[in-house]
Amino acid sequence: MRRSQLVKTFWAQVSGKSEDIGSEALARMLIVYPQTKTYFAHWKDTSPNSANAKKHGITVMGGVADAVTKIDDLKAGLLSLSELHAFTLRVDPANFKILSHCILVVMANMFPEDFTPQVHVAMDKFLSALALALAEKYR
Amino acid sequence: MVEWTDFERATIADIFSKMEYEVIGPAALSRCLVVYPWTQRYFGNFGNLYNAAAIIGNPLVAKHGTTILHGLDRAVKNMDNIKSEYAELSVLHSEKLHVDPDNFRLLSDCLTIVISAKLGKEFNGEVQAAFQKFLAVVVTSLGRQYH
């Protein structure tokens with residue numbers, strides 16, 4: 001099965017839980033990589049279980065879901081999101097890798113039977129390409 | 001000197017006390033060879049690594065995965081001195097095996113994901129943080145003697 005097909009198939013299986021995946025991944029990121037909290041200083045509560053963190057995890061995962069539909073041309077599809085991250089948010093791209101890792105850990109955690117090595121490599125490659133497209137407008 | 005909290009010590013001891021080495025070791029190594037195929041460069045004499053199924057079913061990969069996982073035991077037994085525990089192994093990986101130390105990080109990411117799948121709910125954010133901290137110290141120690 002082609003990589004992009006693997007991503008779409010696995011995503012179809014898990015998309016029902018995408019809000020949980022997003023919140024859980026974001027929460028883990030804040031716990032395991034506390035330096036990421038620096039981007040959320042404007043939240044009164046940067047604890048992993050705060051309403052803000054939960055909501056933000058859902059928002060980010062919504063972006064990932066959208067990217068799955070644009071998997072054949074991420075650069076074009078994520079243009080405006082890239083501009084947002086480049087000019088407004090200015091998130092150091094190293095953090096995309098960190099969050100991607102947390103997303104993979106959560107996927108393995110919630111779907112141990114389905115997250116095979118083959119699905120893992122396809123998702124890892126997809127998230128890397130997503131991160132690259134997101135950083136496209138940085139410089 | 002690395003400072004470990006009581007929670008971190010207990011978490012690492014707990015995970016390894018229940019560890020199924022012959023399942024987790026092969027799963028972690030084979031996953032690494034599939035997800036990061038360039039790591040196959042070190043296993044030229046392991047026979048058939050042509051596709052994911054071959055890698056996952058390869059008995060040499062399985063055996064080596066178990067060996068590597070047991071290699072973590074000495075760190076579990078002596079968490080306050082991981083750097084000196086791995087000095088010799090670090091020299092071995094550098095001088096004899098010529099392994100790029102970035103590979104230790106790749107393998108530990110795969111091990112984290114395999115453990116996450118195995119432990120499920122028990123593998124929460126705090127446990128993940130402790131486990132990754134432990135692996136990070138091992139990874140650093142293994143790369144320490146490279147020059």
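The angle between two helices runs from 0 to 180 degrees and is taken between their N-to-C directions, along axes fitted to C-alpha atoms over the stretch in contact. Two packed helices are described by this angle and by the distance between the axes.

The model is predicted. Its scores are ipTM 0.87 and pTM 0.92. For chain B the average pLDDT is 96, and 100% of the residues score at least 70. Where pLDDT is low, the predicted coordinates should not be read in detail.

| Helix pair | Angle | Axis distance |
|---|---|---|
| α6(A), residues 94–110, and α7(A), residues 117–134 | about 155 degrees | 10 Å |
| α1(A), residues 3–14, and α3(A), residues 51–69 | about 135 degrees | 10 Å |
| α1(B) and α9(B), residues 125–143 | roughly 85 degrees | within 9 Å |

**Helices α6 and α7 of chain A**

On the α6(A) side, the contact is formed by A:F96, A:S100, A:I103, A:L104 and A:M107. Facing them in α7(A) are A:H120, A:M123, A:D124, A:L127, A:A131 and A:L134. Sorted by class, this contact has eight nonpolar, two polar and one charged residues.

**Helices α1 and α3 of chain A**

With an angle of about 135 degrees, α1(A) and α3(A) are oblique to each other. Their crossing is left-handed. From α1(A), the residues A:V7, A:K8 and A:W11 take part, and from α3(A) the residues A:M61, A:V64, A:A65 and A:V68. Six of the residues in this contact are nonpolar, none is polar and one is charged.

**Helices α1 and α9 of chain B**

The axes of α1(B) and α9(B) cross at roughly 85 degrees, so these helices are roughly perpendicular to each other. In α1(B), the contact uses B:F7, B:E8, B:T11, B:I12, B:I15 and B:F16. In α9(B), it uses B:E126, B:V127, B:A130, B:F131, B:K133 and B:F134. The class count here is eight nonpolar, one polar and three charged residues.

**Salt bridges**

Side chains of opposite charge can pair when their charged atoms come close. How many salt bridges does the structure hold over all chains? There are 11. One salt bridge joins B:D80 and B:R9, with the closest N and O atoms 2.9 Å apart. This pair links distant parts of the chain, since the two residues are 71 residues apart. B:R9 belongs to helix α1 (residues 6–17) of chain B, while B:D80 sits in the loop between α5 (73–77) and α6 (82–85) of chain B.

Notes:
Residues numbered from 1 in each chain as written. Chains lettered and ligands numbered in written order. Predicted model: local features only at pLDDT ≥ 70, side-chain atom pairs only at ≥ 80, totals over all residues. Heavy atoms only, no water. Helix = DSSP H or I, 4+ residues; strand = E, 2+ residues; numbered from the N terminus. Contact = heavy atoms within 4.5 Å. Nonpolar A, V, L, I, M, F, W, Y, C, P; charged D, E, K, R; others polar. pLDDT = per-residue confidence, 0-100. Salt bridge = Lys/Arg side-chain N within 4 Å of Asp/Glu carboxyl O. Parallel < 35°, antiparallel > 145°, perpendicular 65-115°, else oblique. Left-handed = near helix turned anticlockwise from the far one by under 90°.
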